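Here is a friendly walk through a predicted model.

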Amino acid sequence: MPRHNERKYRAVSAFQRRLNAVMRRLPTQTLLETTGRTSGLPRRTPLGGRRVGDSFWLVSEFGERSQYVRNIMADPRVRVRLRGRWHTGVAHLLPDDDPVARLRGLPRVNSVGVRAMGAGLLTVRVDLTD
């Protein structure tokens, strides 16, 4: 990873750790729950995305460097909290999808943040099973 992207990753990660601790507690915040690849414990990440039919779409700012993406690679079974209700599903990483084009169809505020803070964008689709 180029030096600039590494600095950006560290700065954004430090900021997100603090912000996410607050955002996770908001009842209307969309959350992605993965299983920790080492601990086996539930890991909840606030994020933005959009439900389209029986799928939930999102774009990871740092692709495979994102901890929740690493957790998905180890175990794709996830839960997504949408509007206060939990849904189970299976996550799929889509490296061949155009994440910039995908962001155009996702909530604008989140998409602007992802594009501004991200490097190495990766599309993720969660097929909801309930």
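## A strand on the inside

Strand β4 is largely enclosed by the rest of the structure, because six of its six residues are buried. Buried here means under 20% relative accessible area, exposed means over 50%, and partly exposed lies in between (1.4 Å probe, protein chains only). Helices (H or I, at least four residues) and strands (E, at least two) are DSSP runs, numbered from the N terminus.

In a regular strand the side chains alternate between the two faces of the sheet. In β4, Ser 55, Trp 57 and Val 59 point one way, while Phe 56, Leu 58 and Ser 60 point the other way. Ser 60 counts as buried because its relative accessibility is 0%. Its side chain makes a polar contact of 2.7 Å with that of Ser 66. Such a contact is a pair of N or O atoms within 3.5 Å; within protein, one must be able to donate a hydrogen and the other to accept it, and residues adjacent in sequence count only if both atoms are side-chain atoms.

The model is predicted, so to speak with its own limits: local features need pLDDT of at least 70, side-chain atom pairs count only at pLDDT 80 or more, and totals for chains, interfaces and linings use all residues. Residues are numbered from 1 along each chain as its sequence is written, and side-chain values use heavy atoms, with hydrogens and water left out.

## The sheet around it

The open sheet has seven strands in the order β2-β1-β5-β6-β7-β4-β3, with antiparallel pairing. Two strands pair if DSSP finds at least two bridges between them. β2 (42–46) and β3 stand at the edges with a single partner strand each, so one side of each is left without a neighbour in the sheet.

On one side, β4 is joined to β3 (residues 50–52) by three bridges, and Arg 51 has Phe 56 as its bridge partner. The hairpin of these two strands has two residues between them, and Gly 53 takes a positive phi near 65° there. Six bridges join β4 to β7, where Ser 55 stands opposite Asp 127.

## Nonpolar cores

A nonpolar core is a set of buried Ala, Val, Leu, Ile, Met, Phe, Trp, Tyr and Cys residues joined through side-chain atoms within 4.5 Å. The largest one has 15 residues, and Leu 32, Phe 56, Tyr 68, Ile 72, Val 80 and Val 126 touch the most other members. Two or more residues each come from β4 (55–60), α2 (67–74), β5 (77–82) and β7 (122–128). The largest share, four residues, belongs to β7.

A second, separate core of five residues includes Trp 57, Val 59, Leu 103 and Leu 106.

## Charged pairs

Which residues are linked in a network of salt bridges? They are Glu 33, Arg 44 and Arg 79. A salt bridge is a side-chain nitrogen of Lys or Arg within 4 Å of a carboxyl oxygen of Asp or Glu, and the count comes to six.

Arg 44 and Glu 33 meet at 2.7 Å, N to O. Arg 44 lies in β2 and Glu 33 in β1, so the pair ties together parts that are eleven residues apart in sequence. Arg 44 is partly exposed at 36%, whereas Glu 33 is buried at 11%. In another salt bridge, the closest N and O atoms of Asp 75 and Arg 77 are 3.0 Å apart; Asp 75 is buried at 14% and Arg 77 exposed at 57%.
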